[in-house]
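Work through these exercises with the sequence and model at hand. Try each task before reading its solution.

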Amino acid sequence: PPKPPFWTALAELDSRDLAALLGGSLFVLIFQVNITWLTHLTSAISVGLVGGIKIVPQWATALIFEAHIDASPLNLVGAALMIVSGVVFSINRARRTPRVAIRRPPGKSPILGPTEPE
């Protein structure tokens, strides 16, 4: 027999489960949009690093809504490797990037605009 549509299952959820589903999906939406936007601004490596780091807020959300995360040893080791490798890569990249001073014309604020009458 065919499976019932998803809205039937949603209608049968209690309010706590529905809130957990919507709350979790909101964070996924925010991070997915950010990663799509980041792809246009930076490199694939940066997107991969953010993709690895984004598990931390997802785990925090799971703890808030469900009070449980899948903390098996392999999951924890995998997450730790992703985070540590991202930090090491970022530090190495920052050390190799030349530092260029950006000078602003005198009397011009980046936020307020001209600070002296012209």
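A contact means heavy atoms within 4.5 Å. The model is predicted: local features need pLDDT of at least 70, side-chain atom pairs count only at pLDDT 80 or more, and totals for chains, interfaces and linings use all residues. Residues are numbered from 1 along each chain as its sequence is written, and side-chain values use heavy atoms, without hydrogens and water.

**Exercise 1.** Describe the chain as a whole.

Start with the elements. The chain has five helices and two strands (DSSP runs: helices are H or I, at least four residues; strands are E, at least two). Their order from the N terminus is α-α-α-α-α-β-β. Next, take the contacts with a separation of 6 or more: 40% of them join residues 24 or more positions apart. Last, burial: 11% of the 118 residues are buried (buried is under 20% relative accessible area, exposed over 50%, partly exposed in between; 1.4 Å probe, protein chains only).

**Exercise 2.** Find the aromatic pair and classify its geometry.

A search of the whole structure gives one pair. The ring centres of Phe6 and Trp7 are 5.3 Å apart and the planes lie at 75°, so the pair is edge-to-face. The cut-offs: centres within 6.5 Å; planes under 30 degrees apart are stacked, over 60 edge-to-face, the rest tilted; Trp counts by its six-membered ring.
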